[in-house]
Amino acid sequence: MRKYKINLTLFPDLNKRNNKLMDAKVSIIMGSTSDLPIMQEAAQVLNDLKIPFEIHALSAHRTPQQVMDFARKAHSRGVKVIIAGAGGAAHLPGVIAALTPLPVIGVPVKASISIDGWDSILSILQMPPGIPVATVGLDGARNAGILAAQIIATGEPDVFEKVVAFKGSLEKKIVQANEELAKVKFEYKVN
Ligand code: C2R
(Lines give C-alpha, C1' and ligand atoms only; values in the text may rest on other atoms or scores of the structure.)
Protein backbone atom coordinates (compact mmCIF):
# COMPACT_ATOMS: atom_id res chain seq x y z
CA MET A 1 0.00 0.00 0.00
CA ARG A 2 1.21 3.51 -0.82
CA LYS A 3 2.72 5.48 2.05
CA TYR A 4 0.90 8.79 2.38
CA LYS A 5 2.64 11.94 3.41
CA ILE A 6 -0.09 14.47 4.12
CA ASN A 7 1.15 18.01 4.24
CA LEU A 8 -1.55 19.82 6.11
CA THR A 9 0.68 22.84 6.63
CA LEU A 10 0.54 23.64 2.92
CA PHE A 11 -2.30 26.09 3.22
CA PRO A 12 -1.49 28.57 5.96
CA ASP A 13 -3.77 31.20 4.43
CA LEU A 14 -6.78 28.92 4.35
CA ASN A 15 -8.22 29.87 7.73
CA LYS A 16 -7.84 33.57 6.99
CA ARG A 17 -9.72 33.07 3.72
CA ASN A 18 -12.32 30.90 5.40
CA ASN A 19 -13.61 33.81 7.44
CA LYS A 20 -15.53 34.78 4.32
CA LEU A 21 -13.21 37.45 2.99
CA MET A 22 -13.74 35.88 -0.40
CA ASP A 23 -15.93 33.26 -2.04
CA ALA A 24 -14.52 30.06 -3.47
CA LYS A 25 -14.17 30.07 -7.26
CA VAL A 26 -13.02 26.47 -7.41
CA SER A 27 -14.44 23.66 -5.32
CA ILE A 28 -12.18 20.66 -4.70
CA ILE A 29 -14.17 17.58 -3.74
CA MET A 30 -12.75 14.19 -2.82
CA GLY A 31 -14.41 10.88 -2.07
CA SER A 32 -12.42 10.46 1.14
CA THR A 33 -9.67 12.21 3.06
CA SER A 34 -7.50 9.24 2.00
CA ASP A 35 -7.46 11.05 -1.40
CA LEU A 36 -6.00 14.21 0.16
CA PRO A 37 -2.32 13.42 -0.47
CA ILE A 38 -3.15 13.47 -4.19
CA MET A 39 -5.87 16.14 -4.20
CA GLN A 40 -3.79 18.64 -2.24
CA GLU A 41 -1.70 19.08 -5.38
CA ALA A 42 -4.68 20.79 -7.03
CA ALA A 43 -5.05 22.96 -3.96
CA GLN A 44 -1.37 23.91 -4.08
CA VAL A 45 -1.65 25.15 -7.69
CA LEU A 46 -4.71 27.26 -6.89
CA ASN A 47 -3.00 28.60 -3.78
CA ASP A 48 0.10 29.53 -5.80
CA LEU A 49 -2.07 31.32 -8.36
CA LYS A 50 -4.05 33.04 -5.56
CA ILE A 51 -7.40 31.65 -6.70
CA PRO A 52 -9.83 31.21 -3.78
CA PHE A 53 -10.94 27.62 -3.37
CA GLU A 54 -12.67 25.31 -0.92
CA ILE A 55 -12.07 21.65 -0.08
CA HIS A 56 -14.69 19.12 0.99
CA ALA A 57 -14.99 15.36 1.30
CA LEU A 58 -18.21 14.04 -0.23
CA SER A 59 -19.12 10.61 -1.51
CA ALA A 60 -21.78 9.62 -4.03
CA HIS A 61 -21.82 6.25 -2.30
CA ARG A 62 -21.65 7.26 1.34
CA THR A 63 -23.34 10.69 1.33
CA PRO A 64 -25.56 10.79 -1.79
CA GLN A 65 -27.92 13.41 -0.40
CA GLN A 66 -25.07 15.78 0.49
CA VAL A 67 -23.55 15.35 -2.97
CA MET A 68 -26.90 16.31 -4.46
CA ASP A 69 -27.24 19.39 -2.26
CA PHE A 70 -23.66 20.49 -2.96
CA ALA A 71 -23.80 19.97 -6.73
CA ARG A 72 -27.19 21.67 -7.19
CA LYS A 73 -26.15 24.77 -5.23
CA ALA A 74 -22.44 25.22 -6.06
CA HIS A 75 -22.99 27.68 -8.95
CA SER A 76 -25.29 29.88 -6.88
CA ARG A 77 -22.45 30.33 -4.33
CA GLY A 78 -20.12 31.70 -7.03
CA VAL A 79 -18.16 28.49 -7.69
CA LYS A 80 -17.03 28.41 -11.35
CA VAL A 81 -15.27 25.05 -11.62
CA ILE A 82 -15.48 21.81 -9.64
CA ILE A 83 -12.54 19.42 -9.30
CA ALA A 84 -13.66 16.00 -8.10
CA GLY A 85 -11.26 13.20 -7.25
CA ALA A 86 -12.08 9.63 -6.28
CA GLY A 87 -10.59 6.17 -6.37
CA GLY A 88 -11.88 2.72 -7.25
CA ALA A 89 -15.49 2.71 -8.48
CA ALA A 90 -15.33 6.47 -8.82
CA HIS A 91 -18.89 7.66 -9.39
CA LEU A 92 -18.46 10.97 -7.59
CA PRO A 93 -17.28 13.20 -10.49
CA GLY A 94 -19.96 11.87 -12.84
CA VAL A 95 -22.77 12.24 -10.33
CA ILE A 96 -21.68 15.83 -9.59
CA ALA A 97 -21.51 16.53 -13.36
CA ALA A 98 -25.05 15.20 -13.73
CA LEU A 99 -26.33 17.70 -11.18
CA THR A 100 -24.47 20.94 -12.01
CA PRO A 101 -24.17 23.26 -15.01
CA LEU A 102 -20.54 23.97 -13.96
CA PRO A 103 -17.54 22.34 -15.66
CA VAL A 104 -16.33 19.32 -13.70
CA ILE A 105 -12.73 18.12 -13.81
CA GLY A 106 -12.31 14.53 -12.68
CA VAL A 107 -9.20 13.17 -11.00
CA PRO A 108 -8.87 9.39 -10.99
CA VAL A 109 -7.07 8.47 -7.78
CA LYS A 110 -5.08 5.26 -7.38
CA ALA A 111 -6.57 4.45 -4.00
CA SER A 112 -5.88 1.53 -1.68
CA ILE A 113 -9.12 -0.06 -2.98
CA SER A 114 -8.14 0.43 -6.65
CA ILE A 115 -7.30 -2.74 -8.55
CA ASP A 116 -4.73 -0.96 -10.70
CA GLY A 117 -6.11 2.57 -11.21
CA TRP A 118 -7.98 1.69 -14.41
CA ASP A 119 -11.18 1.19 -12.40
CA SER A 120 -11.07 4.83 -11.37
CA ILE A 121 -9.85 6.15 -14.74
CA LEU A 122 -12.55 4.43 -16.75
CA SER A 123 -15.40 5.20 -14.38
CA ILE A 124 -14.53 8.91 -14.53
CA LEU A 125 -13.53 9.09 -18.20
CA GLN A 126 -16.18 7.03 -19.94
CA MET A 127 -19.18 9.24 -19.27
CA PRO A 128 -22.30 8.90 -21.40
CA PRO A 129 -22.88 11.64 -24.03
CA GLY A 130 -24.38 14.75 -22.46
CA ILE A 131 -22.57 14.62 -19.10
CA PRO A 132 -18.89 15.41 -19.73
CA VAL A 133 -16.23 15.10 -17.05
CA ALA A 134 -12.88 16.57 -18.14
CA THR A 135 -10.67 13.74 -16.94
CA VAL A 136 -6.98 14.20 -16.14
CA GLY A 137 -4.46 11.38 -15.79
CA LEU A 138 -4.19 8.99 -12.88
CA ASP A 139 -3.38 10.99 -9.73
CA GLY A 140 -3.25 14.07 -11.99
CA ALA A 141 -4.54 16.55 -9.43
CA ARG A 142 -1.87 19.09 -10.29
CA ASN A 143 -3.08 19.19 -13.88
CA ALA A 144 -6.65 19.48 -12.62
CA GLY A 145 -5.66 22.57 -10.64
CA ILE A 146 -3.93 24.08 -13.67
CA LEU A 147 -6.91 23.36 -15.92
CA ALA A 148 -9.29 24.91 -13.39
CA ALA A 149 -7.07 28.01 -13.27
CA GLN A 150 -7.10 28.19 -17.07
CA ILE A 151 -10.90 28.05 -17.10
CA ILE A 152 -11.09 30.83 -14.48
CA ALA A 153 -8.47 32.79 -16.47
CA THR A 154 -10.73 33.07 -19.53
CA GLY A 155 -12.85 35.57 -17.61
CA GLU A 156 -10.27 37.14 -15.28
CA PRO A 157 -7.34 39.10 -16.73
CA ASP A 158 -5.26 38.97 -13.51
CA VAL A 159 -5.52 35.16 -13.35
CA PHE A 160 -4.78 35.05 -17.09
CA GLU A 161 -1.50 36.91 -16.46
CA LYS A 162 -0.57 34.42 -13.74
CA VAL A 163 -1.29 31.47 -16.02
CA VAL A 164 0.88 33.04 -18.75
CA ALA A 165 3.71 33.49 -16.19
CA PHE A 166 3.28 29.89 -15.04
CA LYS A 167 3.55 28.62 -18.63
CA GLY A 168 6.68 30.74 -19.01
CA SER A 169 8.22 29.06 -15.98
CA LEU A 170 7.69 25.65 -17.64
CA GLU A 171 9.61 26.86 -20.70
CA LYS A 172 12.52 27.99 -18.49
CA LYS A 173 12.70 24.49 -17.02
CA ILE A 174 13.23 22.93 -20.46
CA VAL A 175 15.79 25.58 -21.45
CA GLN A 176 17.71 24.68 -18.28
CA ALA A 177 17.34 20.96 -18.99
CA ASN A 178 18.86 21.43 -22.44
CA GLU A 179 21.77 23.40 -20.96
CA GLU A 180 22.44 20.45 -18.65
CA LEU A 181 22.05 17.91 -21.46
CA ALA A 182 24.56 19.89 -23.54
CA LYS A 183 27.17 19.06 -20.89
CA VAL A 184 26.58 15.30 -21.15
CA LYS A 185 29.45 13.76 -23.12
CA PHE A 186 29.43 10.62 -25.26
CA GLU A 187 31.91 9.75 -27.96
CA TYR A 188 29.18 9.71 -30.61
CA LYS A 189 26.95 12.47 -29.17
CA VAL A 190 27.11 15.27 -31.73
CA ASN A 191 25.29 18.13 -29.94
P1 C2R B 1 -11.67 5.21 2.12
O2 C2R B 1 -10.16 5.41 2.19
O3 C2R B 1 -12.44 6.27 2.86
O4 C2R B 1 -12.13 3.83 2.44
O5 C2R B 1 -12.04 5.45 0.56
C6 C2R B 1 -12.54 7.41 -2.30
O7 C2R B 1 -12.34 8.43 -3.25
C8 C2R B 1 -11.27 6.66 -1.94
O9 C2R B 1 -10.31 6.73 -2.98
C10 C2R B 1 -11.49 4.64 -0.43
C11 C2R B 1 -11.76 5.24 -1.78
O12 C2R B 1 -13.16 5.25 -2.03
C13 C2R B 1 -13.40 6.32 -2.88
N14 C2R B 1 -14.79 6.76 -2.98
C15 C2R B 1 -15.42 6.87 -4.15
C16 C2R B 1 -16.66 7.46 -3.85
N17 C2R B 1 -16.73 7.65 -2.55
C18 C2R B 1 -15.58 7.23 -2.00
N19 C2R B 1 -14.98 6.50 -5.33
C20 C2R B 1 -17.69 7.84 -4.87
O21 C2R B 1 -18.76 8.30 -4.44
O22 C2R B 1 -17.42 7.71 -6.07
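Mentor: Happy to. One convention to begin with: helices here are DSSP runs of H or I with at least four residues, strands are E runs of at least two, and both are numbered from the N terminus. Keep in mind that this is a predicted model.

Trainee: Good. So which helix does D119 sit in?

Mentor: D119 belongs to helix α5.

Trainee: Buried, exposed or partly exposed?

Mentor: D119 is partly exposed, because 18 other C-beta atoms lie within 10 Å, and a residue needs 20 or more to be called buried.

Trainee: What does D119 touch, leaving out residues up to four places away in sequence?

Mentor: With those set aside, its contacts are G88, A89 and S114. A90 is also worth a look: it is 29 residues from D119 in sequence, yet the two C-alpha atoms are 7.6 Å apart.

Trainee: Which residues of α5 are buried, then?

Mentor: S120, I121, S123 and I124. Their cover includes β3, α4, β4 and β5.

Trainee: α4 came up there. How many of its residues are buried?

Mentor: Six of the eight, so α4 is largely enclosed by the rest of the structure. The buried ones are L92, P93, G94, V95, I96 and A97. Among the elements covering them are β1, α3, β3, β4 and α5.

Trainee: Let's zoom out. How many helices and strands does the chain have?

Mentor: Seven helices and five strands. In sequence order the pattern reads α-β-α-β-α-β-α-β-α-β-α-α. Of the chain's 191 residues, 36% count as buried. Among contacts with a separation of 6 or more, 72% come from residues 24 or more positions apart.

Trainee: And what order do the strands take in the sheet?

Mentor: The order is β2-β1-β3-β4-β5, in an open sheet with parallel pairing. β2 (53–57) and β5 (134–135) are the edge strands; each has a single partner strand, so one side of each has no neighbour in the sheet.

Trainee: Which strands does α5 touch when it packs on the sheet?

Mentor: α5 (residues 118–125) touches β3, β4 and β5, and its direction makes about 165° with that of β4. Helix α6 packs on the sheet as well, touching β1, β3, β4 and β5, with its direction at about 165° to that of β3.

Trainee: β3 keeps turning up. How many bridges does β3 make to β1 and how many to β4?

Mentor: β1 (residues 26–30) and β3 (residues 81–87) run parallel and are joined by five bridges, while six bridges join β3 to β4, again in parallel. If you want landmarks, S27 stands opposite I82, M30 stands opposite G85, and I83 has I105 of β4 as its bridge partner.

Trainee: Which way do the β3 residues point?

Mentor: In a regular strand, side chains alternate between the two faces of the sheet. Here V81, I83, G85 and G87 point one way from β3, and I82, A84 and A86 point the other way. β3 is mostly covered, with seven of its seven residues buried.

Trainee: Back to α6. At what angle do α2 and α6 cross?

Mentor: The axes of α2 (residues 36–48) and α6 (residues 141–153) cross at roughly 35° and come within 7 Å. The crossing is right-handed. On the α2 side the contact is made by I38, M39, E41, A42, V45 and L46, and on the α6 side by A141, R142, A144, G145, I146, A148 and A149. These divide into 10 nonpolar, one polar and two charged.

Trainee: Last one, on backbone angles. What is phi of K50?

Mentor: Phi of K50 is near 60°, a positive value in a residue other than glycine. Most residues other than glycine have a negative phi. D139 also has phi near 60°.

Trainee: Where do K50 and D139 lie?

Mentor: K50 is in the loop between α2 and β2, and D139 is in the loop between β5 and α6. K50 is exposed, with 11 other C-beta atoms within 10 Å, whereas D139 counts as buried, with 22 C-beta neighbours inside 10 Å.

Notes
Residues are numbered from 1 along each chain as its sequence is written. This is a predicted model: local features need pLDDT of at least 70, side-chain atom pairs count only at pLDDT 80 or more; totals for chains, interfaces and linings use all residues. Axes are lines fitted to C-alpha atoms, for helices over the stretch in contact, and angles run from 0 to 180 degrees between N-to-C directions. A crossing is left-handed if the near helix is turned anticlockwise from the far one by less than a right angle, and right-handed if clockwise. Two residues are in contact if their C-beta atoms, placed from the backbone, lie within 7 Å. Ala, Val, Leu, Ile, Met, Phe, Trp, Tyr, Cys and Pro count as nonpolar, Asp, Glu, Lys and Arg as charged, and the others, Gly among them, as polar. Two strands pair if DSSP finds at least two bridges between them. A residue is buried if 20 or more other C-beta atoms lie within 10 Å of its own, exposed if 12 or fewer, and partly exposed in between; C-beta atoms are placed from the backbone.
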